[in-house]
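Thanks, everyone, for making time this morning.

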Amino acid sequence: MKPSMPLNISSIKTSSDGAWEGDNPLNYAFPLLIVQTTLVLGVSRLVAFLLKPLRQPKVVAEIAGGILLGPSALGRNKDFLHWVFPPWSTPILESVASIGLLFFLFLVGLELDLSTIRRSGKRAFVIAFVGISLPFAFGAGVTLILRRAIHEANWVSYGQSLIFMGVALSITAFPVLARILAELKLLTTDVGEIAMAAAAFNDVAAWVMLALAIALTGNTGNGHSLDHKSSLTSIWVLFSGIAFTSFMLIIVRPAMTWVARKCSPEHDILDQAYVCITLIGVMVSGFMTDLIGIHAIFGAFVFGLTIPKGGDFANRLIKRIEDFVSTLLLPLYFASSGLKTDVAKINGAEAWGLLVLVISTACAGKILGTFLVAMLCTIPVRESLALGVLMNTKGMVELIVLNIGKEKKVLNDEMFTILVLMALFTTFITTPAVMAIYKSNHGSSINTQRSHLNHSKSWSISSDNSTTSKFHILACVHGPGNVPSMVTLIELARSTIKRSTLKLYTMHLVELTDRTSSIMMVQRARKNGQPLVNRFGKGKKARINDQVAIAFEAYAEASKVVVRPTTAISTLHTMHEDICHVVKQKRVGLIIIPFHKQWREDGNGVEEIETLGHGWRLVNKRVLEKAPCSVAVLVDRGLGGIAGQLEAEHDHQKKVCVLFFGGPDDREALELGGRMSDISGVRVSVVRLVGKDHMEKKTKTSQPSAENCNSESFCCSTVTTTIAKEQQLDEDAVAKFRRAKQAEYTESVPKNIVDKVLEIGQSGEFNLIIVGKGRFHSSMVVELAEHQVEYPELGPVGDILASSNHQILSSVLVIQQHGPTYADEAPL
């Protein structure tokens, strides 16, 4: 191997000639950058995985990962730093990281809606103002103490140190706060709304103060105070920054509005020319503010503010750049920051005392200021305290401020390390502190409510019909592709009997991720009046530019059905909680959720399967386990293709088949089939498959352990039941159906149950097949359960009909009746 390269930057080459030529790839820029990037991503992902049980935001893991790679941990090994992060590679790493930072700040500008600040009201404005002012004032005292205690901290003027310290203590990280609120399901509470509005104002104020701080520090390369000439330069920088911002908001913003209109939903593709214009705009804006003397990131942020927030352009643009920037480039910025953070610089009791002082001051200023003013605004005590903790959230913007301060030599190594650890600590404690303060105040918190759902009253199709004049349905969709089939199914289930009218709640299920678009949807929904989970409109038309909402509103107007739209933005492992809460709150009789796979036909008539992923399948499983009402899983194989045709003539009747084996799930399926038979243009056929024994002679009575029901076996109910009673309930349900409904009814005693089910599914005779989940142990269910399991959550019959291996042509609706007596299950 060749010896290590000298530190002369001009001698650095991009790539090596390879190990066979005796070159060490770590001595060349590009191979070393690959190694650095891989290491940074691996460490940050590992830390994020370890912190996941603590529900920490991603930024905490990335900051901690950067510190671990720096001189505080792995970097204490000098050989590690020499080979992996040599000094000559620092400008290259920071340049690549700065590209990611530039586009990240553009995304932050996209995420921040200035109109939110105008609508925030006096309470949010006053809370934000005091939440900035008091920490800034506290920063004056802390700055004075640090300048006296830390060697070389007084190289710059007191005013410069005060501005950076004040900004560092008073910032609230809007993107991080929004994700914490969403994770804790507080976005739609009063605390969440006030925190979001105040944080938006705080974010803008922070950028203004940062620009001011950069302008006042000027080019202090030697770290000394500004002279008269430098002071004059700072004034020019400040006015140039104001002029640039005005130009962007007055001239560029209308131009970007025009670009957004050109990329409206009416256009199928986003023209590459417009993407190119936007990316060029980001970089040119960054160059201009760097030329002015502020910082390139300020220009990218302002350019992000010029992009219209209400249309489709912003979301489509985010999809093009967000993953690459946030996943690959941005962690490099945390790594470069971590390389500058050396915990060893905090040496001795005095230094650690200063760290405690800074953390205490930051928390006291932000929490105390917000708490006091919130109390004066008549917000309850615990909500006020929770609001103070939320507003103390730090994050990316904090790190940017500190890096700029270190770059300008306003902060030395020890002050920089103290402030980075302060930002990490205050953000780390936010989630557990809010859970302890806010949630404890509400005994009906989401987790507590969900734990009691199974012990409260449950609702089903039949119980809803008997206790109220309205039939309540909650229809969940993943996106616009689910809407046609869901509308068709709802129309099929809509009884024409006057005594029973339909009230429809729709829920657009949106996964909460680290993507900017998730939080943008929250803001956009609130801005346009569309309710989020727990908040339903009062009949007002949703004005949100959302294809799902628009489609359901059009259906409501055309069919005269009362529709209440809502959006649930949550992580997949807690999505079922939102669904169950709405069921309990609105006394829903039936939840309809789409299967995680959807069958489509391309232009050539070839069947394609669209899979959302295993995470959405787990959402369906949790809903089936926890929901306090009946649940129907729709396996769509083109059911939406008959939407709008239900008023057709009888020669174009829609055909529905109900497979009846017996048991509560099948009785629920029969009840829904009876409703469909009331619809003109719908022909319902009931096929009752009868075995030698309707039920097993012995019933299950054991209570299963949590791990009994797994992904490789079917489950049946463990409730103690009477064979004769169940058979009588089945006979009564069938007799009632045959008396009241105009539908075909046949009984069959097949030699092979599986073949008979497949015959019906493969015939293509029916648009929809309705089956019960079949959780009660019978000889027929056992026979069905002997085939290979693919989707056990659908039960034996549903699994056969939902399988992609059996060439089933009909759409399938699998129904599970819920009640306290049917809740427990064990493997079949």
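Let me start with the aromatic side chains, where ring pairs link Phe125, Phe129 and Phe201 into a cluster. Please keep in mind throughout that this is a predicted model. When the whole structure is searched, 6 aromatic pairs are found. In the pair formed by Phe125 and Phe129, the ring centres lie 6.5 Å apart and the planes meet at 15 degrees, so this pair is stacked, given that planes under 30 degrees apart count as stacked. Both residues belong to helix H6, which covers residues 121-149, and because they are 4 residues apart there, about one helical turn separates them.

Next, the surface. Which residues make the nonpolar surface patch of about 760 Å²? They are Leu212, Leu216, Leu232, Ile235, Trp236, Leu238, Phe239 and Ile242. Helix H9, residues 190-217, and helix H10, residues 228-262, each contribute at least two residues to the patch, and the largest share, 6 residues, comes from H10. Trp236 is located in helix H10, and with a relative accessibility of 59% it counts as exposed, since the cut-off for exposed is over 50%.

Finally, let us turn to strand S7. Is this strand, residues 630-635, enclosed or open? It is largely enclosed by the rest of the structure, because 6 of its 6 residues are buried. In a regular strand, side chains alternate between the two faces of the sheet. In S7 both faces are covered, with Ser630, Ala632 and Leu634 buried on one side and Val631, Val633 and Val635 buried on the other.

The strand also has partners. Strand S4, residues 590-594, runs parallel to S7 and is joined to it by 5 bridges, with Val633 of S7 as the bridge partner of Ile593. Strand S13, residues 811-816, pairs with S7 in the antiparallel sense, over 5 bridges, and there Ala632 stands opposite Ile815 of S13.

Conventions
Residues numbered from 1 in each chain as written. Predicted model: local features only at pLDDT ≥ 70, side-chain atom pairs only at ≥ 80, totals over all residues. Heavy atoms only, no water. Buried < 20%, exposed > 50% of the residue type's maximum accessible area, 1.4 Å probe, protein only. Pairing = 2+ DSSP bridges. Phe/Tyr/Trp six-rings, centres within 6.5 Å; stacked < 30°, edge-to-face > 60°. Patch = residues over 30% accessible without salt bridge, like charges linked within 9 Å, V, L, I, M, F, W, Y side chains within 5 Å. Areas by Shrake-Rupley, 256 points an atom, 1.4 Å probe, with all protein chains shown as cover. Salt bridge = Lys/Arg side-chain N within 4 Å of Asp/Glu carboxyl O.
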